[in-house]
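This briefing concerns a predicted model. Please consult the sequence and the structure shown below before reading the points that follow.

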Amino acid sequence: MGVQSTFSGLETPERIWGFVPPLRFSYQTIGHLVGLTEILGIISASIIGQAIYQRFWLGGIFAIDVATGIGLMAALIHLSLARSAELYRLPQILDPARNFTKIAMVWAFGLLVLTALLFLLKIGGDLSRGSFLTFSIFELPLLLATRSMAAVVVRSKIANQSIAGRAAVVIGDVDELGQLNAANLLHQFGLKEVGRIVLDAANMADDSRRLALEKAVALARQSQAEEFVIAVGWSQNRLLGEIGDALRNSPLPARLLPDRVVRSAIDGRRTDSSISSAITVEMQRAPMTVAERAAKRFVDVILAFLAIFILLPVFAATALAVKLDSAGPIIFRQRRNGFDQHQFSIYKFRTMRVLEDGQEITQARRQDPRVTRVGRLLRRASIDELPQLFNVLKGNMSLVGPRPHALAHDDQYKSVIETYCFRHHVKPGITGWAQINGLRGETAHLERMQRRVEFDIWYINNWSLWLDVFILLKTAFEVLKQEAY
């Protein structure tokens, strides 16, 4: 029995393959992979169709390069038309039989477009009508076979949880959430539910709904969710307003799903659980796309590395001056709120005799006695801010963005300025739009902070790489003109 147990442990396929983790795909890549498979299938159909006609039917020699070129043209046309017809969405991929008519129409229209292009460009001279007809006959069965195989593979990947959707926190009322399960979210929207907040507008007190929405925002931060999904009746204006106000504290996008009345009008039947993602309403847009964030991060890292390398002598001289001038650390660290209110430690050259980082922090004032002799010079030239280049490399900050404030000041201002938390929708910056417009330094009056917030929000809503470059260039001149204290 002991020998049998040993052999079964070594030879069981599940145990052997268990050591190899299954391949995981994101929801967004499924359509791309199916499209790539169709491209290969159409090119193959072109080669096979022309080979059969030219070589086996006529007994001649066919040009594989011509067949490949024609197939590639047909594939690109098909890809464009199929994408326009939304044939690469997961529901359509999973049900090829139901979409047979649409696939056939795309195939037929694609052939018409290909024929017109070959005629207009005069590149079909080496392609006989028989070859083209044979290719056309082979293309549709290959497309249907590819779709059927893709449906089987994708279903198996869904079954073993190998398709990863975008992490989302779901917020909604009892009635609407009853119609929305994990399968709906993945199939229709490519989302993976990481949390669900149920709101009962009729039986929940205002404070209870507010706390529930605050919990949703906190849950999104903890679970690293990528968006919010809202499922409430579209006629509940007050509840939708409360949700919208609460989600301003998060930079994540939020989508409102069609309610039962809207689905009934579109689908023609109230019991259909299929929800069309084409009619979701964007309640809140992410400040930047993935590509824009990547571009901004690339520029940040390159410029921060260059700046540190060029300014190494300044770093060394400043560190020595701070150390010799007064007792205490060279680098001052203080907690700040960053992107999505995630805390980080900001770095500065120490310019004061105190190291405040608590619930009460007094802003630096003109002729502040806490500022050291060297510190006064460093603050005047903004050299004390240079260590934040390392915050940029760590990813806590960007070169350009809303200036981060001490935690105590964040708590103070977010309670009196309604849009204050919107500043956390992007990474904080070493410099920003507000700073180059004369809003540096102390904010002794609430009106000055309100103006700073307005400038920060304008920057977030109008961001571009060129705007960042303009702000960086103008910062150099503003530092020479204005003095921080």
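A residue counts as buried when its relative accessible area is under 20%, and as exposed when that value is over 50%. With these cut-offs, Arg 373 and Leu 377 of helix α15 are exposed, whereas Val 374, Gly 375, Leu 378 and Arg 379 of α15 are buried.

**Helix α15: two sides**
- Helix α15 spans residues 373-380, and its buried residues are Val 374, Gly 375, Leu 378 and Arg 379.
- These residues lie on the same side of α15 because they cover an arc of only 130° around the axis.
- Arg 373 and Leu 377 are exposed on the other side of α15.
- The packing partners of the buried residues of α15 are α14 (312-325) and β9 (343-349).

**Helix α15: its two ends**
- At the start of α15, the backbone nitrogen of Gly 375 has a side-chain oxygen of Thr 372 within 2.8 Å.
- Just after α15, Ser 382 adopts a positive phi of about 60°.

**Helices α10 and α11**
- Helix α10 (residues 206-222) packs with helix α11 (residues 237-247) at an angle of about 40°, and their axes are 10 Å apart.
- That angle makes α10 oblique to α11.
- The crossing of α10 past α11 is right-handed.
- In this contact, α10 contributes Asp 206, Arg 209, Leu 213 and Val 217, while α11 contributes Arg 238, Leu 239, Glu 242, Ile 243, Ala 246 and Leu 247.

Methods:
Residues are numbered from 1 along each chain as its sequence is written. This is a predicted model: local features need pLDDT of at least 70, side-chain atom pairs count only at pLDDT 80 or more; totals for chains, interfaces and linings use all residues. Side-chain values use heavy atoms; hydrogens and water are left out. Buried means under 20% relative accessible area, exposed over 50%, partly exposed in between (1.4 Å probe, protein chains only). Helices (H or I, at least four residues) and strands (E, at least two) are DSSP runs, numbered from the N terminus. The arc is that of the directions from the helix axis to the C-beta atoms. Contact means heavy atoms within 4.5 Å. A polar contact is a pair of N or O atoms within 3.5 Å; within protein, one must be able to donate a hydrogen and the other to accept it, and residues adjacent in sequence count only if both atoms are side-chain atoms. Axes are lines fitted to C-alpha atoms, for helices over the stretch in contact, and angles run from 0 to 180 degrees between N-to-C directions. Angles under 35 degrees count as roughly parallel, over 145 as roughly antiparallel, 65 to 115 as roughly perpendicular and the rest as oblique. A crossing is left-handed if the near helix is turned anticlockwise from the far one by less than a right angle, and right-handed if clockwise.
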